Amino acid sequence: MAAMLAFLMAVCCCVPCVTVFAKSTGHGRTGDLSDIFDDKYNNMAHEYFGEMACTHLDKPTTDVSKFNDPEAYMAVMKDVDAWLEDAPKNGSDYDKEKFVYDKIATTCTYKMNGYGCDGTVGAVQAILYNHGGICDTFAKGFKYFCNMLDLKCWYVDGKWDGGNHAFNIIELDGKRYVVNMTGAVSVNDKPATAVDYSHMNMSKKQAERMGLTLSDWSKKYATDWSDCKYDDQDYFKKNNLYFTSYEAMKVALPAIIAKANNEGKPIVSVEFPQNDIGDAMAKEADNKLFAGGEMNDVIKKANLLTPYPVQANVSYGANKNFFGFMISSSHVPKA
């Protein structure tokens, strides 16, 4: 996934956009934008709402009444409300964030014509109607919808494997994490059916290992990532899918496969430590389970005839300590 996106990121149009967070009053707020954008630095509302927000004034505004088309903006807000209708508004910070992350990942694809940097189409409309865009789209859209659910979230820019890139820093229960929403979005014509959580709630160290860097502009005007020291909101750790040895993973794998089967999930994924040792564990899992045939024993313990894991999708190298495989109902384990 990251390899395929590396080329695309090099041409991603990530114009610096100052969007310092100011606390939102929550889902359903449709009037004053000052709760989403800081008055002092907000100068690109059109990046979020397109030409309907372009005022052609000497000074940018958060006053919706001065937009080119306030009525069109209010119509978009109705669709924003609908998009957030099923959000866990009284849930935890993590649950709110995961709702936004999941919904963007499963409804959008990466496409160059989904969002234009000229301001004719904003990031919010690109996600709602075009169902796709570039890294800038997803970073701004992720920030906006998280803000609407009372989450502190910052748009930041920098590099991903050397190419220009936009991503986010989010605050959950007083702690900050790095989120690379673009990494979870499909580069194919169809949205992802299984969400990739390896780009969600990383520490600065983990993000750097993935190839992300933060620009000096973002450090100065948006927020620094020095406080992103935590990984306790990592999806794999929260769902008992994180292991420090291959043997521990193998023992737990039958129950994990059975659970995925019962929930209709097409992909099983686990995580190892994000270091060279973890990378080696992922490779060991690939070799022993598939090439070594140990998956047959795992399947028997899972008490399943179908589905059967048949294809490993293992990533090695920088922050690629994940082991995943497809589940297919067309295969059965060997006798």
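This is a predicted model: local features need pLDDT of at least 70, side-chain atom pairs count only at pLDDT 80 or more; totals for chains, interfaces and linings use all residues.
Residues are numbered from 1 along each chain as its sequence is written, and side-chain values use heavy atoms, with hydrogens and water left out.

The protein chain has 12 helices and 9 strands, where helices (H or I, at least four residues) and strands (E, at least two) are DSSP runs numbered from the N terminus. Buried residues account for 53% of the 335 residues in the protein chain. Its accessible surface comes to about 14500 Å², of which 49% belongs to carbon and sulfur atoms; such areas come from the Shrake-Rupley method with a 1.4 Å probe, and for residues only the protein chains shown count as cover. If contact is taken as heavy atoms within 4.5 Å, then among contacts in the protein chain between residues at least 6 apart in sequence, 65% join residues at least 24 apart.

Helix 6 spans residues 135–148, and its 14 residues reach 20 Å from the first C-alpha to the last, close to the 20 Å expected at 1.5 Å a residue; the expected span is 1.5 Å times one less than the number of residues. Just after this helix, aspartate 150 takes a positive phi of about 70°.

The interior can be described through its nonpolar cores, each a set of buried Ala, Val, Leu, Ile, Met, Phe, Trp, Tyr and Cys residues joined through side-chain atoms within 4.5 Å. In soluble globular proteins, nonpolar side chains tend to be buried together. The largest nonpolar core here has 75 residues, of which Val80, Ile104, Phe142, Phe145 and Leu253 touch the most other members. Helix 6 gives the most to this core, with 8 residues. A second, separate core of 14 residues includes Trp154, Val156, Ile169 and Val178. Leaving aside its neighbours within four places in sequence, valine 80 is in contact with Val124, Leu128, Tyr144, Phe145 and Met148.

Helix 5 (residues 123–130) is largely enclosed by the rest of the structure, because 6 of its 8 residues are buried. The buried residues are Ala123, Val124, Gln125, Ala126, Ile127 and Leu128, and they pack against helix 2 (46–49), helix 3, helix 4, strand 2 (132–133) and helix 6. Just after helix 5, histidine 131 has a positive phi of about 55°.

The sheet comes next. Strands of a sheet pair through backbone hydrogen bonds, either parallel or antiparallel. In this model, 4 strands form an open sheet in the order 5-4-3-6, with antiparallel pairing, where two strands pair if DSSP finds at least two bridges between them. Strand 5 and strand 6 (212–214) are the edge strands, each pairing on one side only.

Strand 3 (residues 152–160) and strand 4 pair in the antiparallel sense over 9 bridges; the bridge partner of glycine 158 is histidine 165 in strand 4, and tryptophan 160 stands opposite glycine 163 in that strand. In the hairpin of these two strands, which has 2 residues between them, aspartate 161 takes a positive phi near 50°. Helix 6 packs on the sheet, touching strand 3, strand 4 and strand 5, and its direction makes about 15° with that of strand 4; here axes are lines fitted to C-alpha atoms, for helices over the stretch in contact, and angles run from 0 to 180 degrees between N-to-C directions. Helix 4 lies across strand 4 and strand 5, running at about 150° to strand 4.

Strand 4 (residues 163–172) pairs with strand 5 in the antiparallel sense over 5 bridges, and in strand 5 tyrosine 177 is the bridge partner of isoleucine 170, while lysine 175 is that of leucine 172. These strands form a hairpin with 2 residues between them, and aspartate 173 in the turn has a positive phi of about 50°. Strand 4 is mostly covered, with 9 of its 10 residues buried. Strand 5 (residues 175–179) is largely enclosed by the rest of the structure, because 4 of its 5 residues are buried.

Terms used:
Buried means under 20% relative accessible area, exposed over 50%, partly exposed in between (1.4 Å probe, protein chains only).
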